[in-house]
Protein chains: 2
Amino acid sequence: MTDETNPSGQTNPSGQTNPSGQTNPSGNGARALIETLVAADVDVCFSNPGTSEMHFVAALDDVPGMRGVLCLFEGVASGAADGFARMSGRPAATLLHLGPGLGNAMANLHNARRAHSPIVNIVGDHATYHKQYDAPLESDIDSIAAACEGWFRRSMSPDEVAQDAADAVAAALASPARIATLVLPADVCWLDAPGAVGPSTPEPASAPDPALVAEIAAVLRGDASSVVLIGGRAMLADGVTAAARVGTAAGARLFAETFPARHERGAGLPPVDRLAYLAEFAQMQLDGAEHVVVVDAAAPVSFFAYPGKASVLTPEGCAIHQVPRSVDPVAFLEALAEALDAPAEVAVAEASRPELPSGPLTTDGAAAVIGALLPERAIVVDEANTSGLFIPAATAGAPRHDWLCLTGGSIGVGLPLAVGAAVACPDRPVLALQADGSAMYTLQALWTMVRESLDVTTVIFANHSYAVLNMELQRVGAAQVGPKALSMLDLHGPELDFVSLAQGMGVGATRATTAEEFAEQLAAALATPGPSLIEAVVPPLGF
Amino acid sequence: MTDETNPSGQTNPSGQTNPSGQTNPSGNGARALIETLVAADVDVCFSNPGTSEMHFVAALDDVPGMRGVLCLFEGVASGAADGFARMSGRPAATLLHLGPGLGNAMANLHNARRAHSPIVNIVGDHATYHKQYDAPLESDIDSIAAACEGWFRRSMSPDEVAQDAADAVAAALASPARIATLVLPADVCWLDAPGAVGPSTPEPASAPDPALVAEIAAVLRGDASSVVLIGGRAMLADGVTAAARVGTAAGARLFAETFPARHERGAGLPPVDRLAYLAEFAQMQLDGAEHVVVVDAAAPVSFFAYPGKASVLTPEGCAIHQVPRSVDPVAFLEALAEALDAPAEVAVAEASRPELPSGPLTTDGAAAVIGALLPERAIVVDEANTSGLFIPAATAGAPRHDWLCLTGGSIGVGLPLAVGAAVACPDRPVLALQADGSAMYTLQALWTMVRESLDVTTVIFANHSYAVLNMELQRVGAAQVGPKALSMLDLHGPELDFVSLAQGMGVGATRATTAEEFAEQLAAALATPGPSLIEAVVPPLGF
C-alpha cells in the first residue's frame, strides 16, 4: 500500500465545479467529501451503509450530482464498482461499514485488483475519539485494506477530508489503475469542514520508451518463433487492432490473457484468442515459442499448481519481454507496429451467427443460441465457468460487443459486474452469463437490478454442481475420490430453483430445458427493458 | 496475533485416537491434518472449498470421524462455526479458499471474535513453490487473517502440518477462546506426511486470585452503589446463578452485557437484564453506580459515538473493577459469592407465558406468540434487531432455553449461527429470529439447513427497512433528512419475498400477516422436524 499525494496539482483543469476549493464553508465533512468526489467525476456510490456512515448518507441529499445505489451485500457493491470502472474508465465509490463491511467486499475487490479497475472505497469507522473503547464493531480495517494492495489513508480531520478524497481519486486513476481506500471516522463526517476541493491530477501513463520499442521490434523481426500476449487496456478496439498489426507484420502468434477485464470483440474487429485456462492447453498454444512479448498482462503461469505439472507455461528457455505496466500499452503497440512497418489493415472477424439449434438444452446449444441472438453493442459478463466453454467461439462473429471476465478467480463477481456495467452504460444491453454455484455468492445483485431498473438479462446455467471442481479434483491427482468428497462439489439436495430465487427479489424469471425454449425466452428477455432471468438447465460438462 | 505452540504437551490425555501420533505413515498431509483435527475432537468442517483445497476434500473420505458440511458462501461457514462453538464449547473447522474465501468469512469471524468462540480456520493457499508467480488467486491471506486478532500460522511442510493442526486447536481453546487460522498450501496437503499427532493441551483458564476476590468483596460489602456486569462464559446457568447470589448478598444491581454469545435463561433460572443497546437507556440502568464489577465482559461503552453524547456509559467517577479475561469467570463469581456469604438460593424466573394475541401482526404481538409457543430446550438465535425488541421480555418465563445474540454488530450472522447450533445440538429445536435486511447477507444458510436436515424454524421479520438505521439517522443528529438518504434505508422497491427465496433453496415457507396466522404457522413449524421459514410481516418500529 502506498499513500501518495500527487504533489503537482490540486486544481481542477476542466473547471468543472468548485474550482476555488472553498464553496461550501458551512457544510460538514461528509458534504465536503461527496462534493469533492463529484468534482473529480466520481458520481456513483455503491452503498451498504451502517450507523457510522449515517452522516455520509444524509449528505447525499445535499449533493445532487452523487447517485447512491443501494446494495444488500457489500460484495455486490465492490463488484458493481469494478463493472462500472471497466465500462466507464472512471472510479465509482463504494460505501462500506467498518472492517466487516470491507471484509464482505474483499472477494470482489480482489477481482477488481486483478482487473486494474479504479475504485474509491469509503470505509466508515468509529469516531476518532471512540476507537479507544473497543466498542463491538471496532475492527482492524487497516489490515483488511492492506490486502487490496492499493492506496490507503485514514482521514483524521474535517479540514483534510476533502483533500484526502481528491487524493484517493487520483490514486485510483494511476497507471495502471488501482483500489484506493479512504477510512472515514464518523466525527470527520459530522464536524464542520471548510468545503470541497478540486481534483488532484493522477499520475499519467508513461510514453513508450523508444529503446524498448526498438529492442522488441528487433526481436520480432528475427527468425525465432514469437508470441505477442496482450491484456488489460490493450483489449479494446485500438489495442487489439495495433496488436494484430504487430502480429501480422512480425509473423508472431497473438494471444490475449486468459481472463481480460474487458475485451472488445466481434464482427469487424481483429480476433484474438485467449490463452486457455487449462495449463495443458495453454502450453500447446505457446508450444515452440522462443520469445513472448507481454503487454499489459502477466507472463503465462498456471492458475493453480498441480502435482508434477509446470507452474510456468512458456517453453523452457523462452525469453519473456515484459513491457512495464506503467506504460500506455496501446501507445506501445502502435509504436511497435510503426517500427515494424506494419500494414494499416489487418484481418478482422467476419459477421456470422450460428444457426438456432433444437432439442434438449446443452452447453453448446446454449452457446449457439447466444451467438444467434446477441444484440449489437451488448456487454457480456462471463462467469459461466465450465458451462460457458463454447460461448466465446459462438459469438466471435456476432455484432461488436464487450466481454467482461472473472479476472481474479474469486467466484461471485458476475451479477455485481452486470449491475455496475449497466449503471455505467444505461443505453446498452447487458447479458450476464452466470454459473449457478458462483451466482449464490452475490445473488443479492438481482434486487439492485430491479431497484435501479437496469437492463440486465441474466442467464443462470444450472448444472447443479461445482463442475469446475469436479474437473479440478481429477486434475490435482486426488486418488480414490469417495462420496464425501463428491458431495462437497454437488449442488443437488436440495436443487436450487433460480426462478423462485429471482422472483423473491422481484426479477421476472423463466426456466428453459430445450434449445427452443431458451431461444424464445432469451429473445423475449433481450427485447424487454429492465432485468430478467432465465434458468438454463444444462448438464455438467463431462471431463 | 500470536503463534504460540504449547510447550507442555503433545499427547492425547484421553487416549481417544492416534495416541502414538504416527498411525498413518502412508497418507498425505491432508489426511494427517484431518486425522489430527478429529483426534483433537474437531469433527465438523463447515466447507466452501476451491481447487487449492481439493486434496483436503478428497481426504475427507479417508477419515470417517470428520463431517463435512457444505456451505454456499463462506460467511455461512464462519457463522456456523461460531454457532457450533457457542453451543458445544468445541471448535469446528472452516475450509476456505485463499484470501477471497477468508475475506468472505471475515464479517462473521468478527462476530465470533467478539463471542470468544473457538474456531479453526483452514485456509487453502497455492503450493509453496507456486506463490512466487503471482497467479490470479494469489492474495494477502496474512493481512486479512490479522483482523481475526487470534492465532495464525502458515504450515510449510507435510512433516509439520499435523503438529500445526494440533497447535491450532489448542490455541483456539485458550482462555478466553479465540480464532486460530492455519494457512494450508496445496503441496503441504498432497505430499506424503508422517501421519497424525495427538492433541496439544490448551492453556487453561486461571483460577480466581484470592486477593482480587477479597478486594472486590470488600467493595461490594461497602455502602456505595454497585453493579455486577457479567457476560461471556458467565451467562450459562452456573454463571448467572453465582452472579445472582453475589448481587443478592451485596445488594448490587446485576446486569448482563448487551449482546451475550449464549445466555441460558427462562423459568427456573435467575433473571438477568441485559444492558440496553441504546446508550441513553444503558446510562439510566447504570445511573448512580459508584462501582461496576465486570466479569467476562467489557466495561460499558456506547456501541457507536454520537455528536455530543458520551462514549463511556458509566457515571463520571464510577470505578470499574475488571476481572481479567483469562480467569474462569464462573469460579470467580462462585468464590465471590462465598466471600460474601451469599445465600445458596436466589430468586428465579417463574414459569409464565403470554396469552396468544389476535389481529394484525405487530412486533409485540409476534413476541407474545413466540413467548406462548417457545419449546422446551429451544435454542433461540436472535438477529431480529428492532423487530425483536419485545421478545426477550415475552420469553422470560418460557421453559429454559438458550439465547444467542449478534455479538459483534456485523449483521448477517443469524441464519449461519442457527446452522451451527443445529449441527451441535441435533436433538434440540432451533428458532432463528431474523430481521429481513440482515437475512440478505447470508441467506444461503437456508440451503445448508435443507441439505443437513437441520431442525431450524426461521422467522423473518419483514418490515422492508433497515429500521435500525432509520433510528440511527435520527440519533446521530443528521439534519434535514432527504429522500436520497431515506432511500438508502428502505427495502421496498422491490419488496423482498422471503417465501419465494426460501422455496428457491428448498425450504418450505409461509407468510403471516395476522397474529393468528403467525401462531398457527409457528406451532406447525415447531412441530415439524427439519427446516421451515415464516415471513412475519410486521410494521417497522416507530422511533
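A residue is called buried here when its relative accessible area is under 20%, exposed when over 50%, and partly exposed in between, with a 1.4 Å probe and protein chains only. Strands (E, at least two residues) and helices (H or I, at least four) are DSSP runs, numbered from the N terminus. In this predicted model, local features need pLDDT of at least 70 and side-chain atom pairs count only at pLDDT 80 or more, whereas totals for chains, interfaces and linings use all residues. Residues are numbered from 1 along each chain as its sequence is written, chains are lettered from A in the order in which they are written, and side-chain values use heavy atoms, with hydrogens and water left out.

Strand β6 of chain A, residues 179-185, is mostly covered, since 7 of its 7 residues are buried. A:Ile179, A:Thr181, A:Val183 and A:Pro185 point one way from β6(A), while A:Ala180, A:Leu182 and A:Leu184 point the other way. Two strands are taken to pair if DSSP finds at least two bridges between them, and the table gives the pairings of β6(A).

| Partner strand of β6(A) | Sense | Bridges |
|---|---|---|
| β4(A), residues 119-125 | parallel | 7 bridges |
| β5(A), residues 151-154 | parallel | 4 bridges |

Within these pairings, A:Asp125 has A:Pro185 as its bridge partner in β6(A), and A:Trp151 has A:Ala180. From β5(A) the chain passes through helix α6 (residues 161-172) of chain A to β6(A), in a right-handed β-α-β crossover; right-handed means that, with the strands pointing away from the viewer, the path from the first strand over the helix to the second runs clockwise.

Turning to the two copies, chain B is superposed on chain A by a rotation of 180 degrees with 0.0 Å of shift along the axis, at an RMSD of 0.0 Å, fitted by least squares on the C-alpha atoms of residues with pLDDT of at least 70 in both. This is the relation of a two-fold axis. The same surface serves both copies, in that 100% of the contact residues of chain B recur in chain A, where contact means heavy atoms within 4.5 Å.

A:His110, in helix α4 (residues 98-115) of chain A, counts as buried because its relative accessibility is 4%. Leaving aside residues up to four places away in sequence, A:His110 touches A:Gly408 and A:Ser410, and also B:Pro100, B:Pro136, B:Leu137, B:Glu138 and B:Ser139.
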